[in-house]
Amino acid sequence: MTVRTIEAKTLLAGHKTPDSWFGIKYTLNLYRGCQHHCIYCDSRSECYGIADFDGEVLVKANAVELLDRELRSKRVKGYVSTGAMNDPYMPVERRLGLTRRVLGVLAARRFPVHVMTKSDLVLRDLDLLGEIEAACGGVTPGAVVSITITCADDALARQLEPAAPPPSARFAAIAELAAHGICAGVLLMPVLPFIEDDPENIRQVVTRAHAAGARHVIPSWGVTLRDRQREHFYAELDQRFPGVRARYEQRFGGAYSAQSPNAPALEALFTELAARFRLARTVAPYRAPGPEQLALL
Ligand code: SF4
């Protein structure tokens, strides 16, 4: 996979109000393309205009300077999120340290962060996440890390997310983050129909997330499919899960939303487990500490 640098014109995208699932106010992407090669990845969709998603990673070389400049004009604090269309801790990050430098800017400017990743490389940046938590936490966490885990089984994950670290490493990362006082949780999405949507998988993911110290598990009982992303996914199914493509075509046709036929049962099971383990199913929007709390900090 080739790696090429580009100069971005802007970096931060703001949302009028934080979204209701992840509490995010601002999003940024440091890379285009992703080295984890998940077979279901929505970022291959035509609307994103990434021509060679699996063949080339574009690196926004000026991201740190841009972020520093753009944050100066932001009056409203809110979670800055990385990891919507690529993984901020994909392998090349180990060498480039771009996500790390961006966390340094957020720490210096006292902005909270919600990192989303599939990689335990996030542990490298525990020191900066701790700084952000100390500077911004109080009413709500200052640093949140959500790790995507769609199945508990390492061998199955290797088929679905071939170049991402295995779920066992991701659960271990959650435990390490939690042990260091960082708010960590799981994105249980997408749950692929006919592959991952059995109750035992959901039970294992939620139970192991709880055992690791997760504070939230955010589920979605299906996957979205469109244009060239669907083509890529179906081609991978043909190779890795013979016969499953026909079940998708029969059940979902050309629909964008492919929800698991087991969704009601999975939702009932999840609700019971989340209540038992006191797990949140969303991340609340960021609230800055009041003056009294700041004095205590
Ligand atoms: S880690 Fe995320 S962005 Fe990267 S390929 Fe997987 S789903 Fe896509």
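Colleague: What am I looking at, an experimental structure or a predicted one?
Modeller: A predicted model.

Colleague: How do α6 and α7 pack?
Modeller: Helix α6 covers residues 167-179 and helix α7 covers residues 199-212. They pack at an angle of about 30°, and their axes are 8 Å apart.

Colleague: Are α6 and α7 roughly parallel or roughly antiparallel, then?
Modeller: Roughly parallel, because angles under 35 degrees count as that. The crossing of α6 past α7 is right-handed.

Colleague: Which residues make that contact?
Modeller: From α6, F171, I174, A175 and A178; from α7, R208, A209 and A212. By class, the contact of α6 with α7 has six nonpolar residues, no polar ones and one charged.

Colleague: What about α7 and α10, what angle do they cross at?
Modeller: Roughly 20°, with the axes coming within 10 Å. Helix α10 is residues 263-277. α7 and α10 are therefore roughly parallel to each other. α7 passes α10 in a right-handed crossing.

Colleague: And which residues touch there?
Modeller: α7 contributes P199, I202, R203, V206 and H210. α10 contributes A265, L266, L269, F270, L273 and F277. The classes in the contact of α7 with α10 are nine nonpolar, one polar and one charged.

Colleague: Changing topic: which residues are around the ligand?
Modeller: C34, H36, H37, C38, C41, S43, M85, N86, D87, K118, E161 and A164.

Colleague: How many of the shell are nonpolar, polar and charged?
Modeller: Five are nonpolar, four polar and three charged in the shell around the ligand.

Notes:
Residues are numbered from 1 along each chain as its sequence is written. This is a predicted model: local features need pLDDT of at least 70, side-chain atom pairs count only at pLDDT 80 or more; totals for chains, interfaces and linings use all residues. Axes are lines fitted to C-alpha atoms, for helices over the stretch in contact, and angles run from 0 to 180 degrees between N-to-C directions. Helices (H or I, at least four residues) and strands (E, at least two) are DSSP runs, numbered from the N terminus. Angles under 35 degrees count as roughly parallel, over 145 as roughly antiparallel, 65 to 115 as roughly perpendicular and the rest as oblique. A crossing is left-handed if the near helix is turned anticlockwise from the far one by less than a right angle, and right-handed if clockwise. Two residues are in contact if their C-beta atoms, placed from the backbone, lie within 7 Å. Ala, Val, Leu, Ile, Met, Phe, Trp, Tyr, Cys and Pro count as nonpolar, Asp, Glu, Lys and Arg as charged, and the others, Gly among them, as polar. A residue is near a molecule or strand if its C-beta atom, placed from the backbone, lies within 6 Å of it.
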